[in-house]
Every structure is written in C-alpha cells, then in structure tokens.
Amino acid sequence: MKEFNWSKYSKPLILVAFVVILSILRPKAFLSLNNFSNVLWSVSVIGIMVCGTIFVFLIGGIDLSIATLCAFTAVVVVEITHLLGDTPVAVCVGVVAALAVGALAGAVHGLIITTFHIPAFLVTFATQSIFLGLAMVLTNNKIVSCTVPAFTAIGAMKILGFPLPVYFMLVMAVISWFILRKTVYGRYVYAVGGNSMASAISGIHVKGVSIGCYVLSGLTTALGGIVLASMTQQASSSTGSGYTNDVITAGVIGGVSLLGGEGTVPGAIFGAVLMGLLNNGLNLMSVPSTHAGLVKGLVIIVAVAFDAMQHADQSKKKARKVKKRGESV
Amino acid sequence: MMKKAIALMMTTAMLMSMTAGIVSADRREDPAAQTAAAGESSKQRLDPYAGDEIKIAYIAHDIGTPNNQGWKEGIERECGSWSNIKVDSYGAEEKAENQVQIMTDCINQGYNAIILQCSDGTALAPSVRQAEEAGIPVITVNLDCSSDTIHSALVMAVDYDAGRMAAEKMAEQLGEEGDIAIIQGVPGLTRTDNLEQGFRDTIANYPNINIVDAQSASFQKDTAMTVMNSFLQSYENLKGVFAINDAMAEGAALAAESANKKGEICIWGADGEKDALAMIESGDMAGTIYTNSWDEGSTAAKIALLMIGSEYSYTCLTETPKVIMEPIVVTAENVGDIAEEDRW
C-alpha cells in the first residue's frame with residue numbers, strides 16, 4: 001500500500017488546525033463567511049505582492065524596495081487620476097501608468113543587477129530610497145486623498161461576498177503558479193535559482209530570465225500599491241510601510257528559500273494567509289497589543305517547525321529509498 | 001476671528017508661563033548657583049526682526065504625517081515674511097536614533113533654534129540638553145523629552161482632556177449606553193496614552209457604556225480597517241469606536257461602510273485633519289477633537305524667535321514652559337464652522 005505523503009499536505013493541515021482551534025475558541029465570531037472574507041481581504045495586498053516577488057526569491061535574489069515602490073506606484077495612480085480630472089478614464093490611465101512604473105522599476109533592478117553584477121540586496125536597498133524620495137517629491141510629502149468611485153471600487157467592491165482585492169490575489173496566484181509550473185520560463189527560473197552557472201552552460205539566457213523575474217516583482221508590487229491606495233482612498237510616501245518585511249515573511253513561512261531554487265506559489269500564499277489568520281485570531285480573542293507580538297512569534301515558530309519536520313521526514317524516507325535501491329543494484 | 005483669539009490666548013499663556021518660570025528662577029536664594037547655572041549656556045542674542053541671519057531647524061518624528069506637515073507649514077508661514085530667517089525641515093523616519101543624529105548635526109551646524117517632535121523622550125533628553133547648553137533654544141512640539149530636562153518651551157495639543165471631551169460627547173451621542181471599542185496607537189507614547197486614559201476615565205462615569213475591546217492599529221489606516229473588521233465580527237452590538245488618531249478613525253469608518261454600517265457606528269478620532277472633517281460632513285465619522293496644527297507650528301516658531309531675540313536662556317527657567325493649544329470638539333453640527341483655510 002502506498003504510504004500517505006503527509007509533507008505534501010502539511011501546510012493545508014496547519015491552516016485547518018488554525019481554523020479548528022479558532023472555531024472552538026470563538027465559534028460565533030470566527031466561523032462565518034464574512035470573517036473569512038475579512039481575513040483574505042486583509043492579506044490580499046501581501047498576497048498579490050508575494051505572487052511576483054516569489055520569482056525574485058526563486059532566482060536567489062531579493063527585493064528590499066517593495067514597500068517604497070508600493071508607495072511610489074500608489075502615488076502615481078492617485079496623482080495621475082487627479083491630473084486627468086478624476087474620471088473613470090483617468091483612473092484607468094493611472095492604473096496603467098502605475099503598472100508601467102512598477103514594471104520599469106523591476107526592469108531597471110534586473111538590468112543593474114545582471115549587468116554590473118551588484119548584489120540585489122544593495123541595488124534594491126539603494127532604490128528603496130529613490131522610490132521613497134520620488135513619492136515624497138510627487139506628493140510634496142503630504143497625504144493625497146482620492147475618493148473617485150471608479151478608483152475606490154478597486155479596493156471596496158464586493159463580488160459574491162468577497163472584496164475585489166481577494167480575486168486579484170487569487171488571479172495573480174493562478175497566473176504565477178501557471179508560469180512557474182506549466183511554462184518553460186518557469187522551469188528556467190527554478191534552474192537559475194538552483195545553479196545559475198549550470199543553467200548558463202546548458203544554454204539558458206540567465207540575464208533575460210533574471211530581468212523577467214524583477215519585472216514580474218515590480219508589476220505585482222505596483223498592483224499591490226494600486227489596491228492598497230484604493231482600499232485606504234489615499235496615497236502618501238508612507239503607504240505600504242512595513243510591507244517589505246511582511247512579503248518576505250509570508251514567502252519564508254511558506255517554504256520559499258531565500259537562497260533560491262526552492263518554493264511554490266501555494267506555499268507563499270499559505271504564508272500570507274497564515275499571517276492573516278493569526279492576526280485575525282489575536283484580534284478576535286482580544287489579545288492586547290502588548291502580548292500580540294509574543295504570541296504571534298511563538299505560533300509562527302510552532303507552525304513552521306511542524307511544516308519543516310514533515311519535510312525532513314519525507315527527505316529521510318526518500319534518502320532511505322535511494323540507498324536501498326543503490327544497495328540492490 | 002477665532003484663530004486670532006486662539007493665537008492671542010496662546011501667546012498670553014506662553015508669556016505668562018515663561019514669566020512664571022523666570023520669576024521663580026529669580027527667587028532662587030543661592031546667587032552662586034544662579035551664576036553657575038547661567039554660565040552653562042553660551043547663548044548669543046540675535047534680532048530676527050532687524051535682519052540678523054537666523055537658521056531654524058524643524059526635526060519631525062515622521063515628517064509625512066498630516067500633523068507634521070501642518071506644524072511645518074505653520075513654522076514656515078510664521079518665518080516666511082522675513083528673508084533673513086531660514087527654516088530647514090528634517091524627518092527622522094520614526095526613529096529616535098535618527099533624531100539624535102540629526103540633533104547633533106544641527107548643533108554642529110550652528111542653528112539658532114530647534115523645533116523638535118521627540119520620538120522618544122528619554123533618548124532625546126541628552127541632545128536637548130546639549131543644544132540648550134550650546135545656546136540653541138529647543139522648542140518641543142506635542143511629544144516632549146523627559147520632564148527633568150528643562151528647555152525653552154513645549155507646545156502641545158491637549159491629550160488627557162481631548163480624551164475626556166471625546167468621551168463626553170460620544171456618551172451624549174450614544175444616549176449614555178452601549179458597547180464601544182478603542183483603536184489604540186503605539187503603546188508607550190505619552191500623548192496617546194494620556195488621550196486613551198482621559199477617554200477611559202470619563203467613560204467610567206457612564207455605567208451603561210462598556211468598553212468591550214481595545215486593539216492597536218499602530219496609527220495606520222489600513223491596519224485600523226482590519227482591526228475594525230474584527231470588532232464588527234466579534235461584537236454584534238458595537239455602538240461606538242474611539243480611535244486615538246484620525247487616520248485610524250478614517251480606516252474604521254471605511255471598514256464600517258464596507259460592512260454596510262455607514263453611520264450606524266459612532267466613530268470618533270482625534271487630531272482634526274481635513275480628511276476626518278470631510279468624513280464627519282459625509283456622516284462616515286461622528287466626531288473628532290480638532291487642534292489647529294498650523295497655529296501650533298506657528299506658535300512654536302514664535303517662541304523660537306522670541307528666545308533667539310531675548311537674553312534669557314533655559315538657565316533662567318525652573319521648569320519647561322508649556323503652551324497648550326485650544327482643542328475644539330467637532331461633530332456634524334459644528335464641522336462647517338471650521339473654515340477651509342483652517343483645515344490642514
């Protein structure tokens with residue numbers, strides 16, 4: 001009989017365990033479609049961003065400019081909407097411009113990193129200041145409000161009880177998953193992350209693959225910025241502050257290796273949803289903010305340790321099988 | 001008219017409190033101690049209104065917030081009429097260590113006065129002392145350094161009383177009964193802790209109003225939306241929410257609107273920024289405690305120029321003079337009274 005592969009299901013199991021625990025502790029408040037919708041809504045921006053940033057992680061890169069690029073693109077969409085007269089068309093132009101800015105920023109990152117062989121950490125560390133500066137200059141360092149209905153609908157409109165950003169997250173997750181799993185480019189990304197030298201020797205255009213990853217990261221960051229600005233109906237240089245850490249944390253919790261070559265989109269989304277569930281649970285149980293950080297840290301360690309343990313067991317079993325096969329040959 | 005009256009009141013209060021400090025210093029019985037104290041400052045008297053070149057530094061905790069922008073603009077307006085007075089603004093990106101560094105740089109560059117919003121009272125106290133000893137008057141805004149560090153002045157919006165006023169008006173709007181919740185900022189900041197305490201102490205006088213929960217949203221609008229969603233999920237009978245600042249109150253109002261509860265929940269903020277006033281007008285928020293940040297910045301600048309132009313230094317003071325800004329309780333009934341030019 002085939003042995004049940006626990007490691008494959010450890011992440012969904014952790015989420016189910018969370019749902020069961022919170023359902024027992026706060027059945028009335030937690031177990032409702034509305035609450036699940038709230039949880040998914042609260043992680044949607046991080047979820048959207050991690051769907052693109054995972055490409056950068058997979059090639060062993062990093063993007064420290066997520067938060068400030070998010071702010072910059074949020075400012076771009078709001079300012080362009082105002083500039084063109086606050087009409088629905090202006091919103092569309094603003095959205096396209098912000099996405100273009102995100103993609104361009106990613107392309108610049110990729111080009112600098114691959115052409116001058118500067119570590120991604122340093123390049124994105126520098127550009128985070130540039131994006132922050134640009135956001136400050138564009139807004140004169142003020143909060144710019146935008147209550148144009150066509151714009152606020154992006155973050156507030158609901159379809160079947162779920163807000164639009166949740167659908168954005170799901171669509172982005174499916175697209176990213178498809179690219180990584182079902183296309184040649186996706187296999188190249190894993191190959192470059194696993195061993196870029198070997199990939200280059202085997203004919204993969206490493207530079208092109210890498211630039212593509214940064215472009216995708218920039219695009220999803222811009223989309224996150226647009227959605228966040230729409231949710232809060234405003235943009236400023238501090239829009240999205242703290243999101244760099246959140247996105248990286250979601251990825252790492254979801255099993256994405258920052259060294260490259262390892263990680264999946266469902267894993268990264270799991271990381272984001274786990275963080276959302278945790279925050280939601282702490283809020284619903286009225287855990288005071290002075291204790292919330294402590295509880296959050298402990299729960300994340302337990303959840304990630306459980307997941308890692310399952311994977312370690314699976315790896316050992318695989319190794320044993322390989323060894324047995326070797327002995328029999 | 002109201003603006004002028006407030007400005008006059010503040011200036012009077014400032015002069016009175018400073019005089020009180022100076023008078024009590026004059027009454028010190030030990031002249032030797034006085035001389036020694038006076039020797040600690042190397043302050044030079046300059047006349048800002050007679051063409052002397054003046055440089056003022058404004059150091060904010062986070063220069064991007066509406067409050068900071070209001071203060072900055074107030075300072076610049078006050079000094080803008082004189083070409084010999086230059087104002088430089090610095091943001092510390094919410095880090096006390098950055099403020100300490102900027103303070104050191106400003107002292108070395110020989111600024112004539114520093115207007116500072118302290119990120120951390122204890123961490124900034126040595127820098128404030130160092131500046132005053134170097135003859136640079138330091139005027140703190142809203143967030144002060146630790147109380148034993150005497151410096152030129154503190155200009156602040158009311159905190160405890162703002163909480164009290166919000167609680168009283170909110171209780172009236174709720175008919176003195178119902179479940180309410182608080183959205184907190186970052187715990188540990190004197191102003192916001194006092195605000196919350198003022199609110200809690202006053203609500204305690206209404207036995208039928210229960211504070212059912214209090215969660216932090218770290219002053220962030222988007223986080224406040226998530227916190228508000230949890231409140232709405234947990235407490236079906238929630239009647240009111242008090243957020244420690246307006247940005248969080250705006251986030252709570254957006255979450256309530258998204259849950260089809262616009263106007264059903266009595267949402268209060270504090271600060272009085274223009275977006276909050278607009279939300280009160282549209283019925284999304286029930287009220288806020290308004291303070292004119294432009295006047296607050298302008299008052300800080302007035303005191304800075306007064307100190308630069310006077311022969312007095314911090315050594316003449318027995319305690320830091322405080323100027324407390326007039327708060328206005330704003331609801332749908334009187335929000336129209338706040339003119340566009342007073343909305344920051």
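In the predicted model, the secondary structure of chain B comprises 11 helices and 12 strands. Of the 344 residues in chain B, 58% are buried. Among the contacts in chain B with a separation of 6 or more, 75% are accounted for by residues 24 or more positions apart.

F219(B) is located in the loop that runs between strand 7 (209-216) and helix 8 (221-234) of chain B. With a relative accessible area of 22%, F219(B) is partly exposed, because the buried class requires a value under 20%. For D271(B), phi is near 135°, again a positive value in a residue other than glycine. This residue, D271(B), belongs to the loop between strand 9 (266-268) and helix 10 (274-281) of chain B. The relative accessible area of D271(B) is 11%, and D271(B) is therefore buried, the limit for that class being under 20%.

In chain A, attention turns to helix 6. Helix 6 of chain A, formed by residues 120-139, contains 20 residues. From its first C-alpha to its last, helix 6 of chain A reaches 28 Å, close to the 28 Å expected at 1.5 Å a residue. The buried residues of helix 6 of chain A are A120(A), V123(A), T124(A), T127(A), F131(A), A135(A) and T139(A). These residues lie on the same side of helix 6 of chain A, because they cover an arc of only 115° around the axis. In general, an α-helix has 3.6 residues a turn, so residues three or four places apart point the same way. The elements that cover the buried residues of helix 6 of chain A include helix 4 (66-83), helix 5 (88-116), strand 1 (144-145) and helix 11 (206-232) of chain A. Just after helix 6 of chain A, a positive phi of about 55° is found at N140(A).

The axes of helix 5 of chain A and helix 11 of chain A come within 7 Å and cross at roughly 145°. This crossing of helix 5 of chain A and helix 11 of chain A is right-handed. The residues of the contact between helix 5 of chain A and helix 11 of chain A comprise 14 nonpolar, 8 polar and 1 charged.

Notes. Residues numbered from 1 in each chain as written. Chains lettered and ligands numbered in written order. Predicted model: local features only at pLDDT ≥ 70, side-chain atom pairs only at ≥ 80, totals over all residues. Heavy atoms only, no water. Helix = DSSP H or I, 4+ residues; strand = E, 2+ residues; numbered from the N terminus. Expected span 1.5 Å × (residues − 1). Buried < 20%, exposed > 50% of the residue type's maximum accessible area, 1.4 Å probe, protein only. Arc of directions from axis to C-beta. Contact = heavy atoms within 4.5 Å. Axes fitted to C-alpha atoms, helices over the stretch in contact; angles between N-to-C directions. Left-handed = near helix turned anticlockwise from the far one by under 90°. Nonpolar A, V, L, I, M, F, W, Y, C, P; charged D, E, K, R; others polar.
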